[in-house]
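Please examine the sequence and the structure before working through each solution.

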Amino acid sequence: ECVRNCSTTESDKNSTYAQYGIPHPANNEGASQVCELDHLISLELGGADTLDNIWPQCGPNQAVLAKRFFKQKDAVENFLAEQVKTGVMDLEKAQTGIATDWTQFLGVAQSFCAKNPKKCKGGN
């Protein structure tokens with residue numbers, strides 16, 4: 001079963017920068033990565049790989065890579081997926097919570113990931 005890059009191509013996804021009025025960053029990889037085309041509701045929480053669920057998440061540019069928003073959101077995605085898998089949180093509540101304001105889970109997610117690094121890989 002195809003999960004990523006099935007409904008949309010990389011070119012389609014890159015068009016979201018223009019839709020959000022954000023210039024496509026040059027050299028956007030490795031330590032110089034400032035933006036990530038992210039799923040609002042992560043794939044691991046059942047989010048779709050469609051343009052209406054993809055947005056360019058950027059910055060802050062002056063922060064080290066691990067402190068950029070898209071890296072911090074990864075911790076939230078992993079935390080919420082674990083909460084759903086273990087039955088602590090309902091899937092719909094996790095999906096609504098991450099789509100509404102993912103930062104509400106940031107503190108608890110960072111604590112969870114510090115204690116459970118193997119459950120907190122990168123990616124979305």
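**Exercise 1: Handedness of a disulfide**

The torsion about the S-S bond of Cys113 and Cys120 is about -75°, so this disulfide is left-handed. The model is a predicted one, in which local features need pLDDT of at least 70, side-chain atom pairs count only at pLDDT 80 or more, and totals for chains, interfaces and linings use all residues. Residues are numbered from 1 along each chain as its sequence is written, and side-chain values use heavy atoms, with hydrogens and water left out.

Solution. Begin with the criterion: a disulfide is a pair of cysteine sulfur atoms within 2.5 Å. Next, consider accessibility, where buried means under 20% relative accessible area, exposed over 50%, and partly exposed in between (1.4 Å probe, protein chains only).

**Exercise 2: The disulfide of Cys35 and Cys58**

Task: State how many disulfides the rule gives, and describe the one formed by Cys35 and Cys58.

Solution. The count comes to 2 disulfides. In the pair Cys35 and Cys58, the sulfur atoms are 1.9 Å apart. This pair links distant parts of the chain, 23 residues apart: Cys35 belongs to strand E1 (residues 35-39) and Cys58 to strand E2 (residues 54-58). Strands (E, at least two residues) and helices (H or I, at least four) are DSSP runs, numbered from the N terminus. The torsion about the S-S bond of Cys35 and Cys58 is about 110°, so the disulfide is right-handed. Cys35 is buried at 4% relative accessibility, whereas Cys58 is partly exposed at 25%.

**Exercise 3: The strands that carry the cysteines**

Task: Determine in which sense E1 and E2 pair, and which residues point each way from E1.

Solution. Two strands pair if DSSP finds at least two bridges between them. E1 and E2 pair in the antiparallel sense over 5 bridges, and Cys35 stands opposite Cys58 in E2. From E1, Cys35, Leu37 and His39 point one way, while Glu36 and Asp38 point the other way. Of the 5 residues of E1, 5 are buried, so the strand is largely enclosed by the rest of the structure. Finally, Ser42 is found in the loop between E1 and E2 and is buried, with a relative accessible area of 0%.
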